[in-house]
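Thanks, everyone. I will go through a few local features of one model, and the structure is coming up now.

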Amino acid sequence: MDPTRAFVRDVKRLIVKVGTAVVTRSDGRLAVGRLGSLVEQLQELNVQGYEVILVTSGAVGVGRQRLRYRKLLNSSFADLQKPQVELDGKACAAVGQSGLMALYDALFTQLDVASSQLLVTDNDFKDPEFRNQLSHTVNSLLALRVIPVFNENDAVSTRKAPYEDSSGIFWDNDSLAALLALELKADLLVLLSDVEGLYNGPPSDSKSELIDTYIKEKHDEQITFGDKSRVGRGGMQAKVKAAVCAATQIPVVITSGFTRDNILKVLEGKKVGTLFPTKGMLKEIVASTREISPRDMAVSARDCSRRLQSISSEERKKILLDIANALETNEAKIRAENEADVAAAQQAGYEKALVSRLTLKPGKISSLAKSIRVLANMDDPIGQILKRTEVADGLVLEKTSSPLGVLLIVFESRPDALVQIASLAIRSGNGLLLKGGKEAMRSNTILHKVITGAIPASVGEGLIGLVKSRDEIADLLKLDDVIDLVIPRGSNKLVSQIKASTKIPVLGHADGICHVYIDKSADMSMAKKIVLDAKIDYPAACNAMETLLVHRNLLKSAGIQDIIFELETKGVRIFGGSVASEELNLPKAESFHHEYSSMACTIEFVDDVHAAIDHIHCYGSAHTDCIVTSDDEVADIFLKQVDSAAVFHNASTRFSDGARFGLGAEVGISTGRIHARGPVGVEGLLTTRWILKGNGQVVNGDDGVVYTHKNLPL
């Protein structure tokens, strides 16, 4: 959905006005194909629960065509030689109205929709009783799912050319549609034209550009109107005048009635035609469409992060507490947007594992708010003195904790990751740029809006930028002078591409190929609990077990048979390595490098703990690996020699998590060996600064300086 058209989510009642140029062909005959397409769209909206009102022109044109034909049939050759008198317009309207409505009725009936005719004049609206009765009648019809069809009763109208009298009630069907939209409290008015919308020049001129959003102050002087409509009384000037009038209270879209399904596209939030927004909408549209370059976004995040660092610890804590409250307050909106993402992902045929990561399950918002409050109540990580040294007499050096600066996080489909990352960035005083998966765009957008809305103006909402286009990532990766760290959370391919595309340091992990090794001395009851939890608790997580390694001595043991049986009973598909597939008659695993991220795993048998370690180093991703054993010596070998970010003894790999480690939350898990490693919490987003305090000392070639380098208490 285009951000400028997001208002359509709240549309319930809409008025569609179709002009004579759309209703009739260039020869004056009815354009039955276009009318059929129009009726099909209105029927679909009617079924979807929209309250649809149609305002139609065309009666005069239809009547003129009919009367000309009748006159031709009844004229002698001599009559045809005489000067032809223009047909009376009111007579044309009277003749054409019945034919026009008969066609509408036939088309609607074919689609099992009831329609009704309402003819009005401007004088009718001078009577308050008429207006009350009109509203009552229309509401009754709409409640019965009947589509009211309005037209000006030209046959008996008392107004004269130029069709705009001093009363100013309405002067054509465009202004009638605007009047009805206000009178009947519609949520949207769609004016159908014979061109795509309002252009800044003649639509036939290739240099003319379509105006997406009409802003009176900007466009009023730029537009030159051409001739009026080839038929009827209106034209684009009449439509713009009517749209400006209605937009004092409701949005209006002028779009083409010649393009198929344009009304449906408008209701889907697509950027078609020209939007005339209300004043309140205009502020939101300007804010949402304000273009900001990747560099400007990054610079803004840096400037805001410096302001964040300058405020007190209590003020930073309050921001986090306000965010937690805002999440809970807006839970219904967040859940609604997330459900829309999930539905779209399911319809698009995404894998169940991705849909699972995408879904914000019941209680998740409360859980996130709780973790933010825990983070807020932790000791302030910024400005902590890590070491104090007396360099020389009266010269004290302090090593202090400091924010990294600006972080760029490219993360997977989990929208809850956005909340965790944002709260960690705020707690650690860093600016943040976020790019989530496209499948979570609605969820990420509302979460970003809620979070930045809780950031005070003294810091600035630019502290956290949401990158919406994948194309912007390439530009951001070039900004090594502004962005200090990139953390990709996704596939091996994504991480490799980012590392190859930037000079900015990259922190993160590509795969989560985690192992559980069951040694021959293991308590099999304990091993079963650990294996089931590591695989089944959350199979889509990066810390879920993907490969189960088992000591060869346990090949035929009842304990291993029981574990395999329980895994299969829970729905886990089991594949075997070369030994396991042959000995246990299991389908062979394609690769030990594969991360299932689902209810599937690989099992293989190894000779001993050393063989298990070699297997892990060969095929693992240095994420999290576990040994289950009762032999402390074997456990010690495993814990010391497995070169992974997290190594466990007799505990599920699912504990490899920032919140479970007591870090409050995590920005990701790093499998690198520089800076942070394992779950990355607040400390992983900090660097150090040196603060030197003296009283006038100078180096002067070290002449007379006595260096003591004595450690001082903190």
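Thr255 has 0% relative accessibility, so this residue counts as buried; buried means under 20% relative accessible area, with a 1.4 Å probe and protein chains only. This is a predicted model, in which local features need pLDDT of at least 70 and side-chain atom pairs count only at pLDDT 80 or more, while totals for chains, interfaces and linings use all residues. Residues are numbered from 1 along each chain as its sequence is written, and side-chain values use heavy atoms, with hydrogens and water left out.

Thr255 sits in strand β6, residues 252-256; strands (E, at least two residues) and helices (H or I, at least four) are DSSP runs, numbered from the N terminus. Its side chain is joined to that of Asn262 by a polar contact of 2.9 Å. A polar contact here is a pair of N or O atoms within 3.5 Å; within protein, one must be able to donate a hydrogen and the other to accept it, and residues adjacent in sequence count only if both atoms are side-chain atoms. Neighbours within four places in sequence aside, Thr255 is in contact (heavy atoms within 4.5 Å) with residues including Val190, Leu192, Val195, Val266 and Gly273.

Thr602 is in strand β17 and, at 1% relative accessibility, counts as buried. What does its side chain make a polar contact with? The partner is the side chain of Tyr596, at 2.7 Å. With neighbours within four places in sequence left aside, the contacts of Thr602 include Glu546, Leu548, Phe575, Ala589 and Phe592.

Strand β17 (600-606) is also among the elements that cover the buried residues of α21, as are β14 (514-518) and α22 (558-569). Those buried residues are Ala527, Ile530, Val531, Leu532, Ala534 and Lys535.

Last, a helix pair. The axes of α13 (residues 313-329) and α16 (residues 364-376) come within 9 Å and cross at roughly 170 degrees. Axes are lines fitted to C-alpha atoms, for helices over the stretch in contact, and angles run from 0 to 180 degrees between N-to-C directions. The two helices are therefore roughly antiparallel, the term for angles over 145 degrees. On the α13 side, the contact includes Leu320, Leu321 and Leu327, and on the α16 side Ile365, Ala369 and Ile372.

Conventions. Parallel < 35°, antiparallel > 145°, perpendicular 65-115°, else oblique. Buried < 20%, exposed > 50% of the residue type's maximum accessible area, 1.4 Å probe, protein only.
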